[in-house]
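This report is an introduction for a reader new to the structure shown below. Please consult the sequence and the model alongside the text.

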Amino acid sequence: MIDLILTLIWLLLPVYTPNNFAVLLGGGKPIDLGKSIFGKRIFGDGKTIRGFVAGVVGGIFVANFQLVVEKSFNFKLFSRLSYTDFFILTFLLSFSSMLGDLFGSFVKRRTGFERGKPFPILDQLSFLIISFLISSQTKAFWLLFDLEKVFLAILITPFLHLFVNVLAYKLRLKDVPW
Ligand code: CTP
Ligand code: MG
């Protein structure tokens, strides 16, 4: 079980890490260019073009780093794929993770949540579910994942999120534990 969870976390790093790159490197022009629909921002000031691009590039960077780690520690997960399949899959995982993040904000604005206000479950799962919906269209996805992994990921991600945030809070990297 622990083995399965660790494998899953490894495979999902290109989905989990993009938003962190966006937080670190984001800023500037919002993706919605400040536009609103029905009096509410489309995505809000928290979703920037630079953050989106940094997220996708960051996710691809992490995946390539993982490939190097797999080679040096002699285990095969991403390295089971040809480089082309690997690149397309990990690009899709990161890109769709940022799309899902955007979709989450879209829903938050429509339901009246201000930028930055926490929306439990949606904040923790929209990126993952959108990412699975898109990436699972490739053959390469199913060489690494199966339905059990997909369901387990949806189940454990909110807990993982909480765990990482509490850890970051204890290490004083964050001001609030969520
Ligand atoms: N960020 C960004 N561009 C993105 C995503 C995130 O610049 N595409 C940066 C923004 O500075 C944002 C921060 O990362 O404020 C935190 O990201 P997130 O929690 O996803 O956004 P929120 O500010 O909480 O906004 P929302 O309520 O829309 O989720
Ligand atoms: Mg937020």
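## The segment after H7

Arg 172 is found in the segment after helix H7 (147-170); helices here are DSSP runs of H or I with at least four residues, strands are runs of E with at least two, and both are numbered from the N terminus. Phi of Arg 172 is near 60°, a positive value in a residue other than glycine. Most residues other than glycine have a negative phi. Arg 172 is exposed, with a relative accessible area of 76% (buried means under 20% relative accessible area, exposed over 50%, and partly exposed in between, with a 1.4 Å probe and protein chains only).

## Basis of the model

This is a predicted model, in which local features need pLDDT of at least 70 and side-chain atom pairs count only at pLDDT 80 or more, while totals for chains, interfaces and linings use all residues. Residues are numbered from 1 along each chain as its sequence is written, chains are lettered from A and ligands numbered from 1 in the order in which they are written, and side-chain values use heavy atoms, with hydrogens and water left out.

## The loop between H3 and H4

Asn 74 is placed in the loop between helix H3 (49-73) and H4. Its phi is positive, about 55°, although Asn 74 is not a glycine. Asn 74 is exposed, at a relative accessible area of 72%.

## Helix H1 against H3

The axes of helix H1 (residues 2-16) and H3 come within 8 Å and cross at roughly 150°; axes are lines fitted to C-alpha atoms, for helices over the stretch in contact, and angles run from 0 to 180 degrees between N-to-C directions. H1 is therefore roughly antiparallel to H3 (angles under 35 degrees count as roughly parallel, over 145 as roughly antiparallel, 65 to 115 as roughly perpendicular and the rest as oblique). From H1, Trp 10, Leu 13 and Pro 14 meet Gly 59, Val 62, Ala 63, Gln 66, Val 69 and Glu 70 of H3, where contact means heavy atoms within 4.5 Å. By class, this contact of H1 with H3 has six nonpolar, two polar and one charged residues (Ala, Val, Leu, Ile, Met, Phe, Trp, Tyr, Cys and Pro count as nonpolar, Asp, Glu, Lys and Arg as charged, and the others, Gly among them, as polar).

Which residues does Gln 66 touch, not counting residues up to four places away in sequence? They are Trp 10, Leu 13, Pro 14 and Phe 78. Gln 66, in helix H3, is buried, with a relative accessible area of 1%. Val 69 also lies in helix H3 and counts as buried at 17% relative accessibility. With residues up to four places away in sequence left out, Val 69 touches Trp 10 and Phe 75.

The 28 residues of H4 should span 40 Å at 1.5 Å a residue, and the end C-alpha atoms of H4 are 40 Å apart, which agrees; the expected span is 1.5 Å times one less than the number of residues. H4 is followed by Gly 112, whose phi is positive, near 85°.

Helix H4 (residues 83-110) packs with helix H5 (residues 122-135) at an angle of about 135°, their axes being 7 Å apart. The two helices are therefore oblique to each other. Among the residues that make the contact are Leu 89, Leu 92 and Phe 103 of H4 and Phe 127, Ile 130 and Ile 134 of H5. The residues of this contact divide into 10 nonpolar, seven polar and three charged.
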